[in-house]
Amino acid sequence: MTTTLEARRAERFGQFFRVSPALDSKTIDEVHHIRHEVYARDLGFEAVRSDGRERDAYDRHALHCIVRTAQDARPVGCARLVLPDPADPHRLLPFEQTCCD
């Protein structure tokens with residue numbers, strides 16, 4: 001059940017941002033650039049790459065979303081839901097690999 005406060009937060013978020021699935025190669029490329037900015041340049045978790053894209057083997061079986069500003073549709077964020085690999089359904093997911101100990 002959505003509370004009034006949650007509804008107001010969602011409405012406020014929608015005033016500034018739009019979230020949409022990244023379904024085409026151009027949008028997925030934008031997602032890879034955002035991830036590179038965050039994980040390589042901002043946080044230093046990944047090496048800086050000359051092509052400015054952060055990608056990995058999980059991208060092939062993941063759902064990607066992009067967050068854009070409502071005013072000018074500038075890409076400002078992204079999210080990725082990694083699904084099990086259909087070719088290897090018992091393979092650990094990224095979170096499981098990192099936190100398995």
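Predicted model: local features only at pLDDT ≥ 70, side-chain atom pairs only at ≥ 80, totals over all residues.

Visitor: Which residue does Arg91 meet in a salt bridge?
Guide: Look at the side chains here, with an N to O distance of 3.8 Å. The partner of Arg91 is Asp85.

Visitor: And is Asp85 buried or exposed?
Guide: Use the cut-off again: under 20% relative accessible area means buried. Asp85 has a relative accessible area of 14%, so Asp85 is buried.

Visitor: How many salt bridges does the count come to?
Guide: The rule is a side-chain nitrogen of Lys or Arg within 4 Å of a carboxyl oxygen of Asp or Glu. Some of these contacts join up: Arg35, Glu54, Asp56, Asp59 and Arg80 are linked in a network. By this rule, the count comes to 11 salt bridges.

Visitor: How many residues apart in sequence are the parts that Arg53 and Asp29 tie together?
Guide: The side chains of Arg53 and Asp29 meet in a salt bridge, at 2.3 Å from N to O. Arg53 sits in the loop between H2 and E2, while Asp29 belongs to helix H2, so the pair ties together parts whose separation in sequence is 24 residues.

Visitor: What separates Arg41 and Glu37 along helix H2?
Guide: Their side chains also meet in a salt bridge, this time at 3.4 Å from N to O. Arg41 is partly exposed at 48% relative accessible area, and Glu37 is partly exposed at 39%. The two are 4 residues apart in helix H2, so what separates them is about one helical turn.

Visitor: On to the strands. How many bridges join E2 to strand E3?
Guide: E2 has a partner in E1 (residues 17–21), paired in the antiparallel sense over 5 bridges. In that pairing, Val19 has Val67 of E2 as its bridge partner. E2 also runs antiparallel to E3 (residues 75–82), and the number of bridges joining those two is 7.

Visitor: How many of the 8 residues of E2 are buried?
Guide: Buried stands for under 20% relative accessible area. E2 is mostly covered, and its buried residues number 6.

Visitor: What is the phi of Ala73?
Guide: E2 and E3 form a hairpin with 5 residues between them, and Ala73 is in the turn. Ala73 is partly exposed, with a relative accessible area of 40%. Its phi is positive although the residue is not a glycine, with a value near 60°.

Visitor: How far apart in space are Leu23 and Ile66, C-alpha to C-alpha?
Guide: Leu23 is in the loop between E1 and H2. With a relative accessible area of 72%, Leu23 is exposed. Leu23 and Ile66 are 43 residues apart in sequence, and their C-alpha to C-alpha distance is 9.8 Å.

Visitor: What about His61 and Glu46: how far apart in space are they?
Guide: His61 lies in the loop between H2 and E2, and His61 is buried, with a relative accessible area of 9%. In sequence, His61 and Glu46 are 15 residues apart, while from C-alpha to C-alpha the distance is 20 Å.

Visitor: Which elements give two or more residues to the lining of the largest pocket?
Guide: The largest pocket has a volume of about 460 Å³. It is lined by 16 residues, and the closest to its centre are Tyr39, Glu54, Asp56, Arg80 and Pro94. The elements giving two or more residues to that lining are H2, E3 and helix H3 (94–99).

Visitor: Last one: what is the area of the nonpolar surface patch that includes Leu43?
Guide: Leu43 sits in the loop between helix H2 (25–42) and strand E2 (62–69), and Leu43 is partly exposed at 45%. Together with Val38, Tyr39 and Phe45, Leu43 makes a nonpolar surface patch of about 380 Å².

Notes
Residues numbered from 1 in each chain as written. Heavy atoms only, no water. Patch = residues over 30% accessible without salt bridge, like charges linked within 9 Å, V, L, I, M, F, W, Y side chains within 5 Å. Areas by Shrake-Rupley, 256 points an atom, 1.4 Å probe, with all protein chains shown as cover. Buried < 20%, exposed > 50% of the residue type's maximum accessible area, 1.4 Å probe, protein only. Pairing = 2+ DSSP bridges. 1 Å grid on protein atoms, 1.4 Å probe; cavity = no way out; pocket = protein on both sides within 12 Å on 5 of 7 lines; lining within 4 Å. Points joined across faces, edges and corners; volume = space filled by probe spheres on them.
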